[in-house]
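Please take a moment to look over the sequence and the structure shown below. The paragraphs that follow go through a surface patch, some ring pairs and a sheet.

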Amino acid sequence: MSISTHILDTASGRPAASVPVRLERLDAGVWTLLNEVMTDSDGRNRYLLPQDAPAQAGTYRAHFDTATYYRAQGLRGLYPYVEIVFEITDASQHYHIPLLLTANGYTTYRGS
(Lines give C-alpha, C1' and ligand atoms only; values in the text may rest on other atoms or scores of the structure.)
Protein backbone atom coordinates (compact mmCIF):
# COMPACT_ATOMS: atom_id res chain seq x y z
CA MET A 1 0.00 0.00 0.00
CA SER A 2 1.10 3.55 -0.60
CA ILE A 3 -0.41 6.94 0.14
CA SER A 4 0.36 10.02 -1.94
CA THR A 5 -0.93 13.58 -2.28
CA HIS A 6 -0.99 16.45 -4.77
CA ILE A 7 -1.99 20.01 -3.93
CA LEU A 8 -3.11 22.43 -6.61
CA ASP A 9 -3.69 26.10 -5.91
CA THR A 10 -6.74 26.54 -8.10
CA ALA A 11 -6.76 30.35 -7.70
CA SER A 12 -3.29 30.66 -9.24
CA GLY A 13 -3.54 27.59 -11.46
CA ARG A 14 -0.24 26.26 -10.08
CA PRO A 15 0.95 23.46 -7.81
CA ALA A 16 1.24 24.31 -4.13
CA ALA A 17 4.93 23.70 -3.40
CA SER A 18 6.58 23.49 0.03
CA VAL A 19 3.44 22.71 2.00
CA PRO A 20 4.19 20.80 5.23
CA VAL A 21 2.05 17.65 5.51
CA ARG A 22 1.74 15.21 8.42
CA LEU A 23 0.28 11.73 8.16
CA GLU A 24 -1.20 10.09 11.25
CA ARG A 25 -3.08 6.85 11.94
CA LEU A 26 -5.77 6.36 14.58
CA ASP A 27 -4.72 3.60 16.98
CA ALA A 28 -6.99 2.77 19.95
CA GLY A 29 -8.44 6.29 19.91
CA VAL A 30 -5.06 8.05 19.72
CA TRP A 31 -3.51 9.65 16.62
CA THR A 32 0.00 8.31 15.97
CA LEU A 33 2.40 10.30 13.78
CA LEU A 34 3.68 8.24 10.83
CA ASN A 35 5.46 10.84 8.72
CA GLU A 36 6.13 14.54 8.15
CA VAL A 37 6.89 15.66 4.59
CA MET A 38 6.82 18.71 2.29
CA THR A 39 5.23 18.90 -1.12
CA ASP A 40 7.74 19.16 -3.96
CA SER A 41 7.90 21.83 -6.68
CA ASP A 42 5.00 20.08 -8.45
CA GLY A 43 2.87 20.18 -5.27
CA ARG A 44 3.26 16.42 -4.80
CA ASN A 45 4.47 13.96 -2.24
CA ARG A 46 4.53 10.40 -3.48
CA TYR A 47 5.28 8.85 -0.09
CA LEU A 48 3.06 10.22 2.65
CA LEU A 49 3.29 6.75 4.15
CA PRO A 50 7.00 5.97 4.49
CA GLN A 51 8.10 3.28 2.04
CA ASP A 52 9.27 1.05 4.88
CA ALA A 53 6.04 1.40 6.91
CA PRO A 54 3.80 -1.67 7.12
CA ALA A 55 0.59 -1.57 5.10
CA GLN A 56 -2.42 -1.55 7.41
CA ALA A 57 -6.12 -0.99 7.07
CA GLY A 58 -7.39 1.75 9.37
CA THR A 59 -8.27 5.40 9.77
CA TYR A 60 -5.69 7.98 8.68
CA ARG A 61 -5.43 11.76 8.87
CA ALA A 62 -3.47 14.02 6.54
CA HIS A 63 -2.79 17.44 8.09
CA PHE A 64 -1.87 20.15 5.55
CA ASP A 65 -0.23 23.28 7.03
CA THR A 66 -1.80 25.73 4.58
CA ALA A 67 -0.88 28.81 6.64
CA THR A 68 2.79 28.25 5.77
CA TYR A 69 1.91 28.13 2.08
CA TYR A 70 -0.30 31.25 2.24
CA ARG A 71 2.42 33.27 4.01
CA ALA A 72 4.95 32.31 1.33
CA GLN A 73 2.48 33.52 -1.32
CA GLY A 74 1.79 36.79 0.49
CA LEU A 75 -1.80 35.72 1.14
CA ARG A 76 -3.99 35.43 4.18
CA GLY A 77 -6.05 32.28 4.06
CA LEU A 78 -9.26 31.51 5.88
CA TYR A 79 -8.14 27.97 6.77
CA PRO A 80 -4.74 27.81 8.53
CA TYR A 81 -4.74 24.06 8.04
CA VAL A 82 -6.77 21.39 6.33
CA GLU A 83 -7.24 17.93 7.81
CA ILE A 84 -8.48 15.10 5.66
CA VAL A 85 -9.51 11.97 7.53
CA PHE A 86 -9.89 8.86 5.41
CA GLU A 87 -10.33 5.14 5.87
CA ILE A 88 -8.23 2.45 4.25
CA THR A 89 -10.04 -0.84 3.94
CA ASP A 90 -7.77 -2.64 1.46
CA ALA A 91 -4.10 -2.33 2.39
CA SER A 92 -3.03 -3.67 -1.01
CA GLN A 93 -4.33 -0.60 -2.88
CA HIS A 94 -2.75 2.79 -3.57
CA TYR A 95 -4.50 5.78 -1.98
CA HIS A 96 -4.04 9.22 -3.56
CA ILE A 97 -5.40 12.16 -1.54
CA PRO A 98 -5.51 15.32 -3.70
CA LEU A 99 -6.24 18.77 -2.30
CA LEU A 100 -7.57 21.60 -4.45
CA LEU A 101 -6.83 24.79 -2.54
CA THR A 102 -7.68 28.48 -2.53
CA ALA A 103 -7.27 31.01 0.25
CA ASN A 104 -11.01 30.78 0.99
CA GLY A 105 -11.87 27.16 0.28
CA TYR A 106 -10.72 23.66 -0.51
CA THR A 107 -11.93 20.42 -2.10
CA THR A 108 -10.67 16.87 -1.91
CA TYR A 109 -11.47 13.52 -3.47
CA ARG A 110 -9.92 10.10 -3.93
CA GLY A 111 -7.53 10.26 -6.83
CA SER A 112 -5.70 7.57 -8.72
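**From a surface patch to a sheet**

On the surface, L78, Y79 and Y106 form a nonpolar patch, and together they have about 280 Å² of accessible area. Such a patch is made of residues with over 30% relative accessible area and no salt bridge, where nonpolar side chains (Val, Leu, Ile, Met, Phe, Trp, Tyr) are joined within 5 Å and like charges within 9 Å. A salt bridge here is a side-chain nitrogen of Lys or Arg within 4 Å of a carboxyl oxygen of Asp or Glu, and accessible areas come from the Shrake-Rupley method with a 1.4 Å probe, with only the protein chains shown counting as cover for residues. This is a predicted model, in which local features need pLDDT of at least 70 and side-chain atom pairs count only at pLDDT 80 or more, while totals for chains, interfaces and linings use all residues. Residues are numbered from 1 along each chain as its sequence is written, and side-chain values use heavy atoms, with hydrogens and water left out.

The structure holds 3 aromatic pairs, meaning rings of Phe, Tyr and Trp (its six-membered ring) whose centres lie within 6.5 Å, with planes under 30 degrees apart counted as stacked, over 60 as edge-to-face and the rest as tilted. One of them joins Y60 and F86, which are stacked at 5.9 Å centre to centre with 15 degrees between the planes. Because Y60 lies in strand β6 (residues 58-64) and F86 in strand β7 (residues 82-88), this pair ties together parts that are 26 residues apart in sequence. Helices (H or I, at least four residues) and strands (E, at least two) are DSSP runs, numbered from the N terminus. Y60 counts as buried at 0% relative accessibility, and F86 is buried too, at 11%, since buried means under 20% relative accessible area, exposed over 50% and partly exposed in between.

Another pair is edge-to-face, because the rings of Y79 and Y106 have their centres 5.3 Å apart and their planes at 85 degrees. Y79 lies in the loop between α1 (66-73) and β7, whereas Y106 lies in strand β9, so the pair ties together parts that are 27 residues apart in sequence. Y79 is partly exposed at 30% relative accessibility, and Y106 is partly exposed at 36%.

Two strands pair if DSSP finds at least two bridges between them; β3 (residues 20-27) and β6 pair over 5 bridges. Y60, in β6, is the bridge partner of R25.

Terms used
Buried means under 20% relative accessible area, exposed over 50%, partly exposed in between (1.4 Å probe, protein chains only).
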